[in-house]
Amino acid sequence: MISTGLVIAVAGAVLAALIAGMGSAKAVGMVGEAAAGVVAEDPAKFSKVLVLQLLPGTQGLYGLPTAVLALSQLGVLGGSALELTVAQGIAYFAACLPIMIVGYFSAVAQARAAVAGVGIVAKNPSQNGKAITMAAMVETYAILALLVSILVINGLK
Amino acid sequence: MKDTEFAYAVARVRSNENKLLSSATVESLINSSDYNEALKLLADAGYENIDASNEDEILSKILKQAVELIYSSAPDDKCLDFLIVKNDYHNIKALIKCLVSDKNPEKLLLSPSIFDSKAIENALKTKDYSALPHFLAEHVREAYELVTKTMDGQLLEVFLDKKSIETSILLAKGSKDSFSVSLAELMCLIADLKIALRCAKTVKDEDFIMKALAQSSMVDVRRLCSSSLDGADALSAYVDTLGYTSLSEAMKKGYACFERACDDLIMEKVKDAKYQCLGIAPLVAYYFAVDAEIKNVRIVLSCKKNGIDSDIIRERVRVLYA
């Protein structure tokens with residue numbers, strides 16, 4: 001018998017991977033378009049713009065360990081799912097919210113910074129380090145969100 | 001249209017901006033000893049194979065390539081139509097004039113254009129305008145009737161120039177992009193000011209001026225007309241009250257100086273696009289950047305051909321985007 005609490009908790013874990021992944025997919029796609037524009041004119045810049053394209057992909061990756069950790073603690077991965085109260089289910093769902101929401105929005109924001117960075121590489125390839133640093137700054141908040149989600153999930157053991 | 005849809009196009013434009021002439025190169029061109037040295041400097045700066053025989057052809061080709069670049073990379077090329085619709089109206093003028101005087105229009109047609117000039121030519125010959133878009137069909141029909149009734153080439157020019165400006169604003173509004181709309185309105189204001197100044201210098205009557213001026217949201221056309229009727233000084237004073245001091249000052253110095261101030265004002269508006277990484281603005285700015293570059297190269301080469309002093313050339317060249 002699957003409890004309502006478990007359903008809520010699993011929904012939180014799945015959405016953490018889903019929404020953060022959606023943000024990253026959208027973001028990597030956007031930077032990929034800009035990168036393709038530069039490579040179309042100058043193929044030698046491929047490696048420089050590739051790094052920028054990869055940056056907003058990390059949020060999707062952060063959603064994955066959060067979901068795996070939650071599902072593992074809930075016993076879903078082992079095949080022996082726990083019975084949870086609604087309150088416990090909501091607690092797991094809340095624990096997944098930081099990476100779910102911050103993951104999505106930081107990926108999109110990072111994509112805009114990375115697209116601007118692609119513009120820097122297009123005009124002045126020697127400054128690509130600065131372009132990467134500026135885009136990477138956005139990553140801080142995704143990492144913080146991941147940390148909070150994991151700490152809370154661990155605390156719910 | 002979302003600004004993120006322009007990511008590919010803006011990146012391509014940014015890559016091509018590296019090929020634009022720098023201010024230092026233009027300064028070297030101005031300081032070159034003669035026409036041949038200027039051509040050599042241009043060849044070194046990327047204007048491959050340019051010489052006295054193909055100078056005009058190469059410069060036209062560069063602007064055409066810039067338009068092709070922004071059109072081919074934009075997510076919806078219709079959003080850029082407001083920039084080049086003037087070429088279509090130029091082609092309509094050429095086609096009507098050539099049809100009336102039984103001449104071949106081929107060498108007079110401008111490209112790139114939005115509409116196929118063959119379709120316009122066929123419509124004029126058959127008097128069947130159904131193959132053209134509705135608004136264009138109306139303008140072509142009215143222009144043709146006007147010229148066949150009056151046989152007045154100047155009236156035709158005035159009518160089509162006005163329609164060209166109004167169509168440009170309509171197309172910009174159709175794109176629903178605020179930058180394009182404000183730029184089209186600025187272009188309309190500048191076109192109206194040029195008309196008003198020309199009319200003031202050639203002492204045209206009120207009826208003619210009102211027929212020539214396009215409706216602008218940035219200026220009271222009636223007041224502009226009455227200022228034009230009062231002469232160039234009154235017009236300059238009126239332009240000053242609009243807040244365009246640079247244009248007002250340039251008007252006093254002469255038409256060439258005013259033309260330059262107009263181009264520089266547009267460049268000033270589009271220059272902000274240098275700091276935008278998404279949206280239509282960098283594409284539009286690139287078009288004006290190449291246009292300003294070509295104008296400068298033409299000015300320098302023509303001055304060098306005629307042995308004009310470097311200081312005078314420096315006064316004539318436009319502000320660059322790069």
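This is a predicted model: local features need pLDDT of at least 70, side-chain atom pairs count only at pLDDT 80 or more; totals for chains, interfaces and linings use all residues.
1. A quick definition before we start: a charge sits over a ring if NZ of Lys or CZ of Arg is within 6 Å of the ring centre and within 35 degrees of the ring normal.

2. Lys204(B) lies over the face of Phe208(B), and here the distance to the ring centre is 4.8 Å.

3. Searching the whole structure turns up four aromatic pairs over all chains. One of them joins Phe115(B) and Phe135(B) edge-to-face, at 6.1 Å centre to centre and with 65° between the planes. Phe115(B) belongs to the loop between α5 (81-100) and α6 (117-126) of chain B, while Phe135(B) is in helix α7 (residues 134-150) of that chain, so the pair ties together parts that are 20 residues apart in sequence.

4. How buried or exposed are those two? Phe115(B) has a relative accessible area of 17%, so it counts as buried. Phe135(B) comes out at 29%, which means it is partly exposed. The cut-off for buried is under 20%.

5. Tyr287(B) and Phe288(B) make an aromatic pair as well, edge-to-face, with 5.3 Å centre to centre and 80° between the planes. Tyr287(B) is buried, at a relative accessible area of 5%. Phe288(B) is buried too, its relative accessibility being 10%.

How values were computed
Residues are numbered from 1 along each chain as its sequence is written. Chains are lettered from A and ligands numbered from 1 in the order in which they are written. Side-chain values use heavy atoms; hydrogens and water are left out. Rings of Phe, Tyr and Trp (its six-membered ring) pair if their centres lie within 6.5 Å; planes under 30 degrees apart count as stacked, over 60 as edge-to-face and the rest as tilted. Helices (H or I, at least four residues) and strands (E, at least two) are DSSP runs, numbered from the N terminus. Buried means under 20% relative accessible area, exposed over 50%, partly exposed in between (1.4 Å probe, protein chains only).
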